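User: Could you walk me through this model? I would like to start with the overall fold and then go on to the packing and the contact between chains.

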Amino acid sequence: MKKHIPGITSAAVTDLPVLLSYKAKYRAPQELGFSHWLAGQSLWFPVIILSVALLWPFYALAQGSEYTMADSFDALWRWMPFLLTRGFVFTILISFMTMLVGTVLGILLGLGQLSPTYVVARASWFVTQVFRNSPWLVLLFIVMLSFPFEFTIGDTIIPVPDWMKAVIGLSLPVMANISEIVRGAVNSVPTAQWEASESLAFSRRQTLFRIILPQCFKRMIPPWMNWYAILTMATPIVSILGVEEVLNLTRQAIEAEDNRPELLIPFYGFVLVIFFLYSYPIARFTVRLEKRFSVNL
Amino acid sequence: MSWTKDQPIVSIKNVHKSFGSLEVLKGVSLDVMKGEVICIIGPSGSGKSTLIRCINALNDIQDGSITVEGQEVHDPNLDQLELRKKVGMVFQQYNLFPHKTALQNIMMAPVLVLKQDKAEVEARARVLIKKVRLEGKEDSYPGELSGGQQQRVAIARSLAMNPDVMLFDEVTAALDPETVKEVLVTIKELAAEGMTCVLVTHEMGFAREVADHIYFTDRGVIVEHGPPATFFDDAKDPRTVEFLGQIL
């Protein structure tokens, strides 16, 4: 049987076996695929999601009982400003502070891992591995229970509130993971770049800060923002330790409304939705960062 | 140091270098006088690139001595940065900094390492760009330039440091035949201006034309050397004859 030969002329045929061009059956997802998609949606998108997600639990739950849909909507409506301005803003604050502390320490630790001094490199490596492989909750408990609730320097007493301890506890695993991101990104730059700048008499420090790190930023952004998202979604665990962030306040709000079971899904559903919606600004910010630091390789 | 211009600017004596148990250089000696152009040729794996990488201390050596302007390169107390200000190097894979434009690539080292005045360096960099015939490409990033253009930026980048010796490590091996010529012309002009050059190359025609002295290495030793005319037409050693027979 004559077979068509692709790529020569449309009339070309042969009876020999034909090797067809390779077509992959799947496309590997992009690193920032979801962020790109989400950031591409218009500003109406979060509003629509919010209204849909807020309305269905009332509809589903409030049928037949004497506590009506209007009652639970009313309750949520009363609590919503409080939950948002006191609870969720605080959650964001904790995640920002944690990311800030974790990033600064993580960069230092990552550069420490790359140090030519053996002791520094090994110590940084050890610290990184310890905190990268510890359960977050255990670290939180240790920090919560072992840190004093105030410092006294001379006559001034500096109180250390619970949320600050939570920031310290959460920033430890973030720090360790950012340390690995920095180390990995620096190691991914070809050694030829080190040689080229060495042969131009750049010192090690200049090479690292002027040549290598600027090439790494773009590579570090997706994993870095990824860790911010993971961290934000993990912040509710600090509620276990009594920090008054959004989850804790939601529980208190339900208690204040006589613990009505009809309120569970609307209230916790609301928390779920605002966390989901928060990924929208994260996505937009990620895509902006990516453009800002793009390097034409 | 007591180096004077009648002494070799680069002097390599009995250099041994191994990577683990693999001995790459087994006692290599050669001298380069100021203004001289020497070419090192030989089959792959014969230690050519290793040898010139040893000259600016990118590789260390196990035995022997290498001096540049009378200064021992493998002295542990040597200020490597001082050495590398005197010795420029151009690589096979260009190794330009991808996040900087052509002009910035050239200006970086003089401004940051030699702490020279930025405006003065920029003026000099523009002259160098002109010299390697890349006018109009000042603001292009390496990713936007062809291989030959990138390599010429790399040469200009090295020259901006005003080195006394230039090392070229198979600089045309990654280029297509047409762009090879652009780069060779640039090196030839440099040699004609009296720059001391050490080249590792596979371009025999070019070596013959531009070199003052040819060294042939095989399996870690220098088998034969001489001025191009005698070397190419009157090779004595059977290994040289065989090598030249294969490629000419």
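Analyst: Chain A has 10 helices and four strands, where helices (H or I, at least four residues) and strands (E, at least two) are DSSP runs numbered from the N terminus. This is a predicted model, in which local features need pLDDT of at least 70 and side-chain atom pairs count only at pLDDT 80 or more, while totals for chains, interfaces and linings use all residues. Residues are numbered from 1 along each chain as its sequence is written, chains are lettered from A and ligands numbered from 1 in the order in which they are written, and side-chain values use heavy atoms, with hydrogens and water left out.

User: What pattern does chain A follow along the sequence?

Analyst: Reading along the sequence, the pattern of chain A is β-β-α-α-α-α-α-β-β-α-α-α-α-α.

User: And which residues have the most contacts inside the largest nonpolar core?

Analyst: Those are Val186(A), Phe202(A), Phe267(A) and Leu30(B), in a core of 96 residues; a nonpolar core is a set of buried Ala, Val, Leu, Ile, Met, Phe, Trp, Tyr and Cys residues joined through side-chain atoms within 4.5 Å, with buried meaning under 20% relative accessible area, exposed over 50% and partly exposed in between (1.4 Å probe, protein chains only). Helix H8 (residues 204–234) of chain A gives the largest share of this core, 12 residues.

User: What is Phe267(A) in contact with, leaving aside its neighbours within four places in sequence?

Analyst: Its partners, with contact meaning heavy atoms within 4.5 Å, are Ala75(A), Leu76(A), Trp79(A), Leu83(A), Thr250(A), Ala253(A) and Ile254(A).

User: Switching to Leu105(A), why does it count as partly exposed?

Analyst: Leu105(A) counts as partly exposed because its relative accessibility is 34%, and this residue lies in helix H3 (residues 69–113) of chain A.

User: Now the contact between chains: how many residues does it take from chain B and from chain A?

Analyst: Chain B gives 24 residues and chain A gives 19 residues. About 1,900 Å² is buried between the two chains, with carbon and sulfur atoms giving 65% of that area; buried area is the accessible area (1.4 Å probe) that two parts lose on being put together, summed over both. On the chain B side, Phe97(B), Pro98(B) and His99(B) lose the most area to chain A, together 28% of what that side buries.

User: How many salt bridges are there between chain B and chain A?

Analyst: The count is two, a salt bridge being a side-chain nitrogen of Lys or Arg within 4 Å of a carboxyl oxygen of Asp or Glu. Glu198(A) forms a salt bridge with Arg84(B), with the closest N and O atoms 3.3 Å apart.
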